[in-house]
Amino acid sequence: RIKGTEHSEYRKYIETFPEIDSPEIFGLHPNADLTFRVKEANALFKTLGETQPKGGGGDGGVSREDVVYEKATELLERLPPDYIEDEYKAKIKKLGGMTIPTNIFLYQEIQRLQNVIFKVRFTLGQLQLAIKGEVVMTAELQETLDSMFDARVPHYWENTLTGDEFSWRLPTLGLWFSSLLNRDEQDRSWLDNGRPLSFWLTGFFNPNGLLTAMKQEVTRKHKAQKWALDDVVYHTEVSNFERADQVKSAPAEGIYVHGLFLDGSAWSKSDGHLVESQPKVLFVPLPILFVTGNVKKDEDKAKKEMFGHLGPYECPVYKYATRTDRYFIFFANLKTTPEKPPNFWTMRGVALLCNT
């Protein structure tokens with residue numbers, strides 16, 4: 001406590017404060033400062049990359065066009081084959097047809113993935129022709145060339161003309177293309193081998209659509225109990241499975257989902273509740289999550305039985321690290337301890353992310 005009323009004493013005392021406030025003042029984990037620093041550094045390097053000269057190679061060196069041409073050839077070789085509508089419609093019919101909500105969801109996902117595959121194949125083909133001088137190098141092809149040379153995702157592979165999301169947002173071309181291959185693998189496996197035992201939630205354009213389809217199926221199973229879709233809410237439990245290949249059978253109701261990452265906390269596998277993050281570990285994979293539907297009255301009872309009087313931490317799940325309503329998917333209930341109740345984790349800003 002400061003004694004006296006002189007301004008100089010107050011100023012001297014204020015000068016003892018640290019220049020940079022710790023995130024803990026706001027209830028955040030010290031890792032939040034590391035996240036801020038990483039974002040600052042990434043923004044700096046992005047600006048440096050965008051301002052560097054974009055001239056061609058000289059003195060007999062390999063030109064930008066040659067580098068991109070080779071990269072386009074490589075991507076075209078790895079690009080999955082097109083989805084033929086008659087073929088995947090016939091396969092969906094074998095899975096039970098369009099009367100099953102999750103099959104409608106799969107049909108919509110394949111249509112959107114095919115649009116992305118077609119866009120990538122067409123753009124790369126046109127870019128190669130433009131580099132050879134056989135077609136005009138348009139502004140879109142020039143932007144694609146510049147982006148590929150810098151290992152960035154071309155703007156029109158991620159966005160529509162109006163700026164809406166066309167595919168998925170990832171920081172580098174390598175990560176984006178790997179995601180395309182993984183999404184294709186999940187969809188083709190579903191078509192050829194039947195419904196997955198555990199769904200890679202990150203690999204869908206519309207993850208909310210999968211959960212809504214699951215809720216519809218659960219509601220239909222409880223037709224005798226006169227469940228109404230509007231009364232059904234999500235019921236979630238963190239399973240003991242750490243990886244998708246450990247799941248040997250699908251649940252009787254609901255679905256297993258994997259690929260979620262905790263941001264702002266970690267998960268104790270032995271105790272089954274939230275714990276503090278390790279220093280410098282920003283994201284922690286969550287074990288496979290069981291998601292099903294339940295009527296609100298029964299779900300309130302289940303929460304009291306599972307989580308006691310404290311209740312669960314209702315953890316928001318987002319498609320991307322940008323936490324907006326646009327990318328919000330649903331709430332997952334996670335167990336806490338009396339020492340660190342749900343409010344503590346709310347202050348920590350804990351969330352689950354599909355993409356880090």
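Q: Is C315 buried or exposed?
A: C315 is buried, because its relative accessible area is 0%. C354 is buried as well, at 4%. The cut-offs for relative accessible area are under 20% for buried, over 50% for exposed and partly exposed in between, with a 1.4 Å probe and protein chains only.

Q: What should I know about the model itself?
A: It's a predicted model: local features need pLDDT of at least 70, side-chain atom pairs count only at pLDDT 80 or more, and totals for chains, interfaces and linings use all residues. Residues are numbered from 1 along each chain as its sequence is written, and side-chain values use heavy atoms, leaving out hydrogens and water.

Q: OK, big picture. What does the secondary structure come to?
A: There are 11 helices and 11 strands, which are DSSP runs numbered from the N terminus (H or I with at least four residues for helices, E with at least two for strands). The C-alpha atoms fill a box of roughly 80 × 75 × 35 Å along the principal axes. Of the 356 residues, 41% count as buried.

Q: How much space lies in the largest pocket?
A: About 1400 Å³. A pocket here is an open set of points on a 1 Å grid over the protein atoms alone where a 1.4 Å probe fits, with protein on both sides within 12 Å along at least five of seven lines. The volume is the space filled by probe spheres set on those points, which are joined across faces, edges and corners.

Q: Which residues lie nearest its centre?
A: K39, N42, P171, A321 and T356. The lining has 36 residues, each with an atom within 4 Å of a point.

Q: Which helix gives the most to that lining?
A: Helix α2, residues 31-51, with 11 residues.

Q: How do the lining residues divide by type?
A: Into 14 nonpolar, 12 polar and 10 charged. Nonpolar is Ala, Val, Leu, Ile, Met, Phe, Trp, Tyr, Cys and Pro, charged is Asp, Glu, Lys and Arg, and the others, Gly among them, are polar.

Q: Switching to H222: where does it lie?
A: H222 is in the loop between α9 (207-221) and β2 (232-238). Its relative accessibility is 15%, so H222 counts as buried.

Q: What does the H222 side chain make a polar contact with?
A: With the side chain of E253, at 2.7 Å. A polar contact means N or O atoms within 3.5 Å, and within protein one must be able to donate a hydrogen and the other to accept it, while sequence neighbours count only if both atoms are side-chain atoms. Leaving aside residues up to four places away in sequence, H222 touches W227 and E253, a contact being heavy atoms within 4.5 Å.

Q: What about K226?
A: K226 is in the loop between α9 and β2 and has a positive phi of about 60 degrees although it is not a glycine. K226 is exposed, with 74% relative accessible area.
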